[in-house]
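Here is a short report on one protein chain. It goes from the whole chain to single residues.

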Amino acid sequence: MDIEIQEPLPEDSIRERTTDIQGTKHHGGGWRASSYILLTQCFEELAYYAIQFNLVTFLRTELYESNVTAARNYTNWQGTCYIAPLAGAIIADSYLGRYLTTMAFFTVYLLGMSTMSISASFLKGGSSKSDVFFLGLYMMGIGAGGIKPCVSSFGADQFDGSSPAERLKKDSFFNWFFFATYIGSFLAGTAVVWVQDHYGWGIGLWLPTVFIALAIASFLLGSGKYRVQKPQGSPIIRVLQVIVAAIRKWNAVLPSDDSLLHELPDDKTATAADVNKLQHTPVLRFLDKAAVISSTEDPSSNSDPWRLCTVTQVEELKVIIGMIPIWATGIVFFSVLAQFSSTFLEQGRSMNKHVVGAFSVPPASLASFDAVSVLIWVPVYDRVLVPVARRLTGNARGISELQRFGAGLLLSVVVMTVAALVETRRLASARRGGGAAAGAGEPSSPMSILWQVPQYFLVGASVVFACVGQTEFFYNEAPAAMRSLSSAFALLTVALGSYLSSLVVTAVEWITTRGGGPGWIPDDLDDGHLDRFFWLLAAMSALNLAVFVLCAVRYKRKNVS
């Protein structure tokens, strides 16, 4: 798929516009600095997934909540974790910068984890234990969400985008960032969950609390080596100024010569965000009216930014608008990924979980193949596929971010196709009465649960391509003043994808149970057609891929002067 392989034009040197944490001129960064960030990410994700994987179990066994209440509290908390990135991004881009914002939210994170641990260790059952636990849980969720858009962007900030060599290292950093994430996920889903199940919730919650303390320590140890970019003003305000100025000048006549539109000279910038000047593009021409200089305005003086904006400011808004269609395709992708923790588990429960003798594989444990797949695919992609693609395409990156994202979307179609074929085979096996000899409570199908391994492995491969490609795309294409905010919007597709998955499941249930039938997804899957649901998602994914390709071939990269 040949979508876009053009390299972005270099921006001004990061070395010339960054400092150390004391605010003095600094030439650090690189892998020495980012290695501390990778270690920080690993420890943080270890703590985060240690809570996420077993939260419902804690709510059921320790707080004695019903299945419905526990599920509702879990989804509410998850929503908080993926809404909080917007707050963290705005604070980082507008006021504190990514370094200080990360430290501030890490503090909230640690306090939340400590509060949860205290509730489990020292408080007896009742409303007081529940209240203290939920206070800590939501503090932890706000802290975890607040740092998400900052840590990845801060790690990428350690590489100079104007240097071809460092630009390649930055692309590689995103690969290893996800590698560190899934090391944490894998260890949490195996070792930490095992400790929680066998040694109780006292040590089971203090252990991830220790991991957060180690994450903070790792982050602080790298402080002397970091490149720190100063906040460049509120990105929301800059966007609103363009919209208001364009509306105020809705009847203004655009000049025939685009060079007559307002732009600051190189030696005069209103804010740090104006350092990276963007070239004018002939799209969304109405927004250009915000940069039209009226007869009563003197652009050489301090003009009102709510009446007169620069071309760069206008182009920043155009870039954001141009990325929205690409962003939207991520929602469908994450609705597919949501299946590996929902309908894939239901499918596994209806299969033969005995592998060797009496050894039984819990359906939830197969999710570890997703993490294993990522841990395999990241080094293969970075060390094997990129060099090969580099020779074939002539692109220093190997393939562009959009091509990588598109490959991940293609793999999501394959994921659902394989899941549908496995379910078709399982249903045929069950309906032949293959499980007649099974004991009470055993699945009716003799088909081994290991048949699910390929679909979990493909989920991990799709993550390496789509999620990393999406992260690279939003970081590289976002205006410098909006990188944390852009990363937060990318994370928002995870939450919206989950909501879309719930909506599709609800619609399928309503449509397929009319007339009194069991529907496609009944409690007993042998009476339903989960395979048809998977085929539906495969078709949605294929349509989403087609929309993505159409949007990608039409997308124009930002052009830095």
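## Overall make-up

Among contacts between residues at least 6 apart in sequence, what share joins residues at least 24 apart? The share is 84% in the protein chain, where contact means heavy atoms within 4.5 Å.

This is a predicted model, in which local features need pLDDT of at least 70, side-chain atom pairs count only at pLDDT 80 or more, and totals for chains, interfaces and linings use all residues. Residues are numbered from 1 along each chain as its sequence is written, and side-chain values use heavy atoms, with hydrogens and water left out.

The protein chain holds 15 helices and four strands. These are DSSP runs, numbered from the N terminus: helices are H or I of at least four residues, strands are E of at least two. Of the 561 residues, 53% are buried. Buried means under 20% relative accessible area, exposed means over 50%, and partly exposed lies in between (1.4 Å probe, protein chains only). The accessible surface of the chain is about 23,500 Å², and carbon and sulfur atoms account for 65% of that. Areas come from the Shrake-Rupley method with a 1.4 Å probe; for residues, only the protein chains shown count as cover.

## Nonpolar cores

The largest nonpolar core contains 117 residues. Such a core is a set of buried Ala, Val, Leu, Ile, Met, Phe, Trp, Tyr and Cys residues joined through side-chain atoms within 4.5 Å. Tyr48, Tyr109, Phe133 and Met416 have the most contacts inside this core. Helix H13 (residues 453-477) supplies its largest share, 14 residues. Apart from this core lies another, of 15 residues, including Ala246, Leu287, Val314 and Met482.

What does Tyr109 touch, not counting residues up to four places away in sequence? Its partners are Glu44, Ala47, Tyr48, Met139, Met140, Gly143, Ala144, Ile147 and Ile212.

## Helix packing

Helix H12 (residues 401-431) packs on H13 at about 155 degrees, and the axes are 8 Å apart. H12 is therefore roughly antiparallel to H13. Their crossing is left-handed. Axes are lines fitted to C-alpha atoms, for helices over the stretch in contact, and angles run from 0 to 180 degrees between N-to-C directions. Angles under 35 degrees count as roughly parallel, over 145 as roughly antiparallel, 65 to 115 as roughly perpendicular and the rest as oblique. A crossing is left-handed if the near helix is turned anticlockwise from the far one by less than a right angle, and right-handed if clockwise.

Helix H4 (residues 127-156) meets helix H14 (residues 483-512) at about 120 degrees, with axes 8 Å apart. That makes H4 and H14 oblique to each other. The crossing is right-handed. H4 contributes Lys148, Pro149, Ser152 and Ser153 to the contact, and H14 contributes Arg483, Ser484, Ser487, Ala488 and Leu491.

## Single residues

Gly204 sits in helix H6 (residues 201-221). Gly204 is buried, at 1% relative accessible area. Gln52 belongs to helix H1 (residues 30-52) and is buried at 15%. Beyond neighbours within four places in sequence, Gln52 contacts Tyr74, Trp77 and Gln78.

Tyr64 is not a glycine, yet its phi is positive, about 55 degrees. Tyr64 lies in the loop between helix H2 (55-61) and helix H3 (67-122). Tyr64 is exposed, at 67%. Leu284 also has a positive phi, near 50 degrees. Its loop runs between helix H7 (235-248) and helix H8 (285-288). Leu284 is partly exposed, at 41%.
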